[in-house]
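Thank you for making time this morning.

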Amino acid sequence: MALKPFNELFQVDLSNEVAKRPVKKNSPLTLDYLEWANCIKLLYQHGAESVRYGMKKNDNDYPCFYNPNGESPFVSVWVEIDGVRYEEDYPVVNGIYPVSNPNQLDINRAKQRGFVKAVAINTGLGLSLWIKEEELINTDQEIQKELNQNEAATLNDQITTLFARALQKVGDKDELYTVLQTTKEEIHKLYRSNDHAAKKILIGQLEVILNDQNN
């Protein structure tokens with residue numbers, strides 16, 4: 001018996017299989033999601049004969065990866081169904097919000113969600129739930145507002161970290177402001193603003209300074 005084709009698995013009725021989770025703590029808005037155990041059960045019920053999954057590990061033999069600045073943690077999940085292997089990177093999040101300093105429980109949850117998403121993308125099982133989630137996130141004004149605020153805080157944290165490293169490399173704060181063609185007052189003003197594009201430009205300038213071998 002072979003696993004059913006994508007279109008059939010996409011149409012599977014999940015109404016009795018899904019659980020609900022709030023998009024944030026104490027929020028009335030909820031998202032339907034398929035738990036990893038139910039996902040495995042459904043795969044076997046619809047023709048799979050072997051289902052395995054796990055995580056890749058980084059160079060330190062730890063199952064979590066970060067961007068070059070040590071931020072934005074994510075896991076790299078592999079899934080094998082009847083000998084066919086799929087891979088999926090999944091961010092470490094709480095609901096729809098990133099977790100900056102994940103613990104083992106956070107990482108394990110990301111692993112399970114990454115597994116379910118890999119199954120959905122490659123087999124169709126549960127994909128309708130991910131489509132529904134994307135639609136809610138992209139259309140709900142409250143969620144968009146909070147995501148915007150969360151991104152602002154993340155960008156501010158990146159600026160703080162990179163500025164400290166750049167200052168350590170350059171050695172003088174006034175010289176660093178000169179290289180950046182800005183002032184202390186302008187940077188403080190940028191912190192308080194919602195100008196994400198300008199913040200990303202400053203982050204790029206700081207990264208250039210840190211990567212410049214001549215400094």
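Which residue follows H2, and is its phi positive or negative? Before I answer, please keep in mind that this is a predicted model. The residue after H2 is Gly47, and its phi is positive, near 115°.

Let us now go back into the helix itself, which covers residues 36-45 and packs against helix H3, residues 104-123, at an angle of about 30°, with the two axes 9 Å apart. As H2 passes H3, the crossing is left-handed. On the H2 side the contact is made by Trp36, Cys39, Ile40 and Leu43, while H3 brings Gln112, Phe115, Val116 and Val119.

Next comes the question of which residues of H2 are buried. They are Asn38, Cys39, Ile40, Leu42 and Leu43, and what covers them includes, besides H3, the strands S2 (30-34), S3 (51-55) and S4 (74-81).

Let me finish with the cysteines. Cys39 counts as buried because its relative accessibility is 0%, which is under the 20% cut-off. Cys64 is buried too, with a relative accessible area of 0%. As for disulfides, the count in this model comes to 0.

Conventions: Residues are numbered from 1 along each chain as its sequence is written. This is a predicted model: local features need pLDDT of at least 70, side-chain atom pairs count only at pLDDT 80 or more; totals for chains, interfaces and linings use all residues. Side-chain values use heavy atoms; hydrogens and water are left out. Axes are lines fitted to C-alpha atoms, for helices over the stretch in contact, and angles run from 0 to 180 degrees between N-to-C directions. Helices (H or I, at least four residues) and strands (E, at least two) are DSSP runs, numbered from the N terminus. A crossing is left-handed if the near helix is turned anticlockwise from the far one by less than a right angle, and right-handed if clockwise. Contact means heavy atoms within 4.5 Å. Buried means under 20% relative accessible area, exposed over 50%, partly exposed in between (1.4 Å probe, protein chains only). A disulfide is a pair of cysteine sulfur atoms within 2.5 Å.
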